Amino acid sequence: MPQRRTQILLHLIAVVLLATIVVASPARASAQGADAAADPPVLERSLYKTVVFEGATNTIDLLLFGSLLGGHLYAGPAFLAVNATAAAVLYYGHEVAWGYLGPPDTDYDVNTNILKGITFRLASSTRAFAVGYGFTGNPIAAGGFMVGSAVGETVVYVASEYGWEFYDQYRDQAATTRVKAIPAAWHGDRTSR
């Protein structure tokens, strides 16, 4: 029976990741062409976002594991390892897929952010249910874990997206200010001499 649950979990994760890639692919693929595959900042940025997001959400999930799933102290490390790994792989994959296949950063709007959030919520809720069911074998407990995790993760997801947007604006503004403060001759601009 546990092997069957593991197979179901792996199939659900594969289907959700595939659906995320299919939903995100049309706009970015046509807008960016062949240069998208050689863009390392997408991978690096996705890694940073994953570390920040997963640090917060795995804390929430571990608390839910103890309260909703009736998790025991001896099972906590195993749950944390499985949940954190599955969640990090899913979040990172989702961010990379949207980074390469979604619209360019300049074309992001509220509707795009909502679509990105919905695709992540569907993928992450499927993962939470599968992990909860895998550890308990009880669909009711797994459903409770999925709902509790969805509420906590949604709050963290929205805060994380706005936080990264604020960081990007601050970084761009700081870079522009630094460039203006440096004399043009130091930029290699020979026309200013």
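Me: How many salt bridges does the count come to?
Reply: Eight, taking a salt bridge as a side-chain nitrogen of Lys or Arg within 4 Å of a carboxyl oxygen of Asp or Glu. This is a predicted model, where local features need pLDDT of at least 70 and side-chain atom pairs count only at pLDDT 80 or more, while totals for chains, interfaces and linings use all residues. Residues are numbered from 1 along each chain as its sequence is written, and side-chain values use heavy atoms, with hydrogens and water left out.

Me: Which side chain does aspartate 168 meet in a salt bridge?
Reply: That of arginine 45, at 2.7 Å from N to O. Aspartate 168 lies in helix H5 (residues 139–181) and arginine 45 in helix H2 (residues 40–67), so the pair ties together parts 123 residues apart in sequence. Helices here are DSSP runs of H or I, at least four residues, numbered from the N terminus.

Me: Is aspartate 168 buried or exposed?
Reply: Buried, with a relative accessible area of 13%. Arginine 45 is partly exposed at 28%. Buried means under 20%, exposed over 50% and partly exposed in between, using a 1.4 Å probe and protein chains only.

Me: OK, new topic: what does lysine 49 pair with?
Reply: Glutamate 95, at 3.0 Å from N to O. Lysine 49 is in helix H2 and glutamate 95 in helix H3 (residues 76–101), 46 residues apart. Both are buried.

Me: And where does arginine 127 sit?
Reply: In helix H4 (residues 110–136). Arginine 127 forms a salt bridge with glutamate 153, with their closest N and O atoms 2.9 Å apart. Both residues are buried.

Conventions:
Helix = DSSP H or I, 4+ residues; strand = E, 2+ residues; numbered from the N terminus.
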